[in-house]
Amino acid sequence: MDFTDEQVTRYSRHILLPEVGGKGQKKIAKAKILIVGAGGLGSPAAFYLAAAGVGTIGLIDSDAVDLSNLQRQIIHYTPDVGRSKVLSAKEKIQALNPDVQVVMHEERFVAGNALKLIVGYDVVIDGVDNFPAKFLINDACVLGGKPLVHGGILRFDGRVTTILPKKSACYRCVFKQPPPSGLVASCQEAGVIGALAGVIGTLQATEALKIVLGIGRPLTDRLLDYDAKKATFREIKTKRNPHCPVCGEHPTITTLIDHEQEACELKQVKVEA
Amino acid sequence: MQVKINGKPEEVLGGTVMDLLKAKNIDPHMVAVELNDAMVERDHLGTTPVKEGDALEFLFYMGGGR
């Protein structure tokens with residue numbers, strides 16, 4: 001694969017980096033990255049990955065754009081209210097960079113389709129808003145052997161971590177199961193500062209590109225917590241937990257399960273034993 | 001005795017990790033607890049003693065994304 005003159009110009013600030021160069025830019029052009037959730041985290045992640053020239057970006061979301069999304073979900077514009085999120089995001093990505101192939105998955109990420117959805121991708125980005133989906137993404141990536149960049153935001157706090165299945169701590173190594181129903185507020189209930197989604201989603205995109213390029217030190221075995229009010233980052237060391245129910249020595253989760261909880265609603269959660 | 005909680009030095013009474021959570025009014029279902037960089041199983045919170053100089057992390061769920 002050779003770059004056109006236009007592409008060399010477009011990606012020149014990448015190509016200038018010794019860690020990227022033409023070779024790295026080709027890796028980016030061949031990369032397939034799946035973004036689960038075309039919302040607060042997915043928007044900045046999709047924009048930066050598109051600008052970077054990622055060859056294929058998959059987008060999973062079954063929702064339509066709501067007016068209350070626009071405060072942080074920057075890939076959707078005012079005229080998009082009521083339209084499909086994946087379609088709205090695809091249009092912006094292609095307007096930004098026609099080199100990118102966008103695959104729209106207009107469906108919910110559930111146990112029944114999770115492994116099929118991730119199989120064709122190199123890296124998965126978690127941009128979902130609820131715990132059942134976050135746990136499902138973790139489990140699917142561990143079972144499917146896909147690198148995962150996890151992100152979460154609430155109020156003024158955000159968290160990022162990279163999971164290399166069976167090589168580094170997974171989400172369940174730290175948090176064994178979703179929180180009991182009603183105990184943890186959702187963004188819808190508790191609010192979130194919009195720009196925080198940009199900070200965390202952009203960190204996720206950066207981590208995904210590092211994985212694609214094979215450079216630097218991935219954000220594995222560490223949680224990176226950002227406190228926007230204090231303007232501080234804190235790193236919490238984690239490690240693989242031998243008792244982890246999905247990647248531990250005696251896993252109890254060997255097939256995918258749906259934890260029952262609707263997006264951004266706190267209903268009864270069924271927690272597996 | 002002095003311990004570190006989420007990176008900050010704190011003076012606490014002795015006891016178990018569960019005692020510490022109770023004293024701080026934290027529901028044990030809301031946190032994952034790390035003691036000196038190792039996870040403490042929820043079932044063991046009430047039997048794991050906190051010692052001088054321990055480093056504890058109370059990790060809360062952080063949910064949103066959309």
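# A two-chain model built around an eight-stranded sheet

Chain A carries an open sheet of eight strands, ordered β3-β2-β1-β4-β5-β6-β7-β8, with mixed pairing. At its edges stand β3 (101-105) and β8 of chain A, each with a single partner strand, so one side of each has no neighbour in the sheet. Direction ignored, neighbouring strands are turned by 15° against each other on average. Please keep in mind as you browse that this is a predicted model.

- Strand β2 (residues 56-60) of chain A pairs with β3(A) in the parallel sense, over five bridges.
- One place to look is A:Leu59, whose bridge partner in β3(A) is A:Met104.
- Helix α5 (residues 85-96) of chain A lies across β2 and β3 of chain A, and its direction makes an angle of about 175° with β3(A).

- β5(A) is mostly covered, with seven of its seven residues buried.
- A:Leu148, A:His150, A:Gly152 and A:Leu154 point one way from this strand, while A:Val149, A:Gly151 and A:Ile153 point the other way.
- On one side, β5(A) runs parallel to strand β4 (residues 123-126) of chain A, joined by two bridges, and A:Val124 stands opposite A:Leu148.
- Between β4(A) and β5(A) the chain passes through helix α7 (residues 131-144) of chain A, making a right-handed β-α-β crossover.
- With β6(A) the pairing is antiparallel and has seven bridges; here A:Leu148 has A:Ile163 as its bridge partner.
- β5(A) and β6(A) form a hairpin with two residues between them.

**The nonpolar core**

- The largest nonpolar core has 79 residues, and A:Ile33 and A:Ala46 touch the most other members.
- Helix α10 (residues 194-213) of chain A gives the most to this core, with 10 residues.
- Leaving aside residues up to four places away in sequence, A:Ala46 touches A:Ile35, A:Ala38, A:Ile57, A:Leu59, A:Ile75, A:Ala89 and A:Ile93.
- A:Leu209 sits in helix α10 of chain A and counts as buried because it has 24 C-beta neighbours inside 10 Å.
- With the sequence neighbours up to four places away again set aside, A:Leu209 touches A:Ile28 and A:Ala52.

**Where the chains touch**

- In all, 32 residues of chain A are in contact with 16 residues of chain B.
- On chain A, β5 (148-154), β6 (157-163), α8 (171-174) and β8 (232-237) each supply at least two residues to the side that touches chain B.
- The largest share of that side, four residues, comes from β5(A).
- By type, the residues on this side of chain A are 15 nonpolar, 10 polar and seven charged.

**Two residues with positive phi**

- As background, most residues other than glycine have a negative phi.
- A:Arg155, in the loop between β5 and β6 of chain A, has a positive phi near 55°.
- A:Arg155 counts as partly exposed because it has 16 C-beta neighbours inside 10 Å.
- In chain B, B:Asn25 has a positive phi of about 65° and lies in the loop between α1 (17-23) and β3 (31-35).
- B:Asn25 is exposed, because 6 other C-beta atoms lie within 10 Å.

Definitions and conventions
Residues are numbered from 1 along each chain as its sequence is written. Chains are lettered from A and ligands numbered from 1 in the order in which they are written. This is a predicted model: local features need pLDDT of at least 70, side-chain atom pairs count only at pLDDT 80 or more; totals for chains, interfaces and linings use all residues. A nonpolar core is a set of buried Ala, Val, Leu, Ile, Met, Phe, Trp, Tyr and Cys residues joined through C-beta atoms within 7 Å. A residue is buried if 20 or more other C-beta atoms lie within 10 Å of its own, exposed if 12 or fewer, and partly exposed in between; C-beta atoms are placed from the backbone. Two residues are in contact if their C-beta atoms, placed from the backbone, lie within 7 Å. Ala, Val, Leu, Ile, Met, Phe, Trp, Tyr, Cys and Pro count as nonpolar, Asp, Glu, Lys and Arg as charged, and the others, Gly among them, as polar. Two strands pair if DSSP finds at least two bridges between them. Axes are lines fitted to C-alpha atoms, for helices over the stretch in contact, and angles run from 0 to 180 degrees between N-to-C directions. A crossover is right-handed if, with the strands pointing away from the viewer, the path from the first strand over the helix to the second runs clockwise.
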